[in-house]
Amino acid sequence: MRVDSAVQLINSLVYKPGWTFMANSHTNRFEGTVKVLVTYPALNSDRDQAPDYDSPIEPDGARATFPIIVNDLDDTGIYRAILDIIVKIETHEAREFLRVEPTMWAPFHPHRIEGMKRFGDVDGDLAFGLC
């Protein structure tokens with residue numbers, strides 16, 4: 001697929017309320033590639049917020065950026081790539097929020113090296129935040 005076509009398809013997608021997908025050409029770095037910025041509403045998952053988690057991350061919510069090589073994809077391939085990104089984001093958030101009482105320890109926390117290792121994510125979940 002052409003990069004400009006992929007950008008149009010991705011930018012027209014809808015998921016949950018407050019989620020946005022913003023794709024741009026990433027061909028200045030990688031041929032046939034788009035970069036997708038996903039923003040989504042999220043709650044503060046810090047230990048001191050558990051178990052209520054009633055403090056939203058403001059002002060724009062959370063964000064993550066992912067590259068997608070699109071030159072060999074068709075429209076459903078693009079949609080599948082975006083769904084894979086959504087699953088990564090939802091998994092990342094689940095790892096932050098799963099806590100064990102009474103200490104509210106997060107065994108798989110994606111921002112902690114031991115949590116990364118326990119989850120089998122030894123390279124880290126570095127697509128999230130403002131790296």
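Arg2 is exposed in this predicted model. Its relative accessible area is 57%, and the cut-off for exposed is over 50%. The side chain of Arg2 meets that of Asp4 in a salt bridge, with N and O 2.5 Å apart. Asp4 is partly exposed, at 39% relative accessibility. Side chains of opposite charge can pair when their charged atoms come close.

The structure holds five salt bridges. Another of them joins Glu114 and Lys117, whose closest N and O atoms are 3.8 Å apart. Both residues lie in helix H3, three residues apart, which is about one turn of the helix. An α-helix has 3.6 residues a turn, so residues three or four places apart point the same way. Glu114 is partly exposed, at 43% relative accessibility. Lys117 is also partly exposed, with a relative accessible area of 49%.

Arg95 and Asp121 form a salt bridge too, at 3.2 Å from N to O. Arg95 sits in helix H2, and Asp121 in the segment after helix H3 (113-119). The two residues are 26 apart in sequence, so their pairing ties together separate parts of the chain. Are Arg95 and Asp121 buried or exposed? Both are buried. That means each has under 20% relative accessible area.

Now the sheet. Three strands form it, in the order S1-S2-S3. The sheet is open, and the pairing is antiparallel. Strand S1 (20-25) and strand S3 (62-69) are the edges, each pairing on one side only. From one strand to the next, the twist averages 20°. Strand S2 spans residues 33-40 and pairs with S3 over eight bridges. Within this pairing, Lys35 stands opposite Pro67 of S3.

Two helices meet these strands. Helix H1 (residues 3-11) packs on the sheet and touches S1, S2 and S3. The direction of H1 makes about 170° with that of S1. Helix H2 (residues 75-97) lies across S1, S2 and S3. H2 runs at about 145° to S3.

Which residues of H1 are buried? They are Val3, Ala6, Val7 and Ile10. Seen down the axis of H1, these buried residues fall within an arc of 100°, so they line one face of the helix. What do they pack against? The buried residues of H1 pack against S1, S2, S3 and also H2.

In soluble globular proteins, nonpolar side chains tend to be buried together. The largest nonpolar core here has 23 residues. Those with the most contacts inside this core are Ile10, Val34, Val36, Val38, Ile68 and Ile82. H1, S1, S2, S3 and H2 each give two or more residues to this core. H2 gives the most, with six residues.

Ile68 shows how these elements come together. Leaving aside residues up to four places away in sequence, Ile68 touches Ile10, Gly32, Thr33, Val34, Val36, Leu73, Ala81, Ile82 and Ile85.

Notes
Residues are numbered from 1 along each chain as its sequence is written. This is a predicted model: local features need pLDDT of at least 70, side-chain atom pairs count only at pLDDT 80 or more; totals for chains, interfaces and linings use all residues. Side-chain values use heavy atoms; hydrogens and water are left out. Two strands pair if DSSP finds at least two bridges between them. Helices (H or I, at least four residues) and strands (E, at least two) are DSSP runs, numbered from the N terminus. Axes are lines fitted to C-alpha atoms, for helices over the stretch in contact, and angles run from 0 to 180 degrees between N-to-C directions. Contact means heavy atoms within 4.5 Å. A salt bridge is a side-chain nitrogen of Lys or Arg within 4 Å of a carboxyl oxygen of Asp or Glu. Buried means under 20% relative accessible area, exposed over 50%, partly exposed in between (1.4 Å probe, protein chains only). The arc is that of the directions from the helix axis to the C-beta atoms. A nonpolar core is a set of buried Ala, Val, Leu, Ile, Met, Phe, Trp, Tyr and Cys residues joined through side-chain atoms within 4.5 Å.
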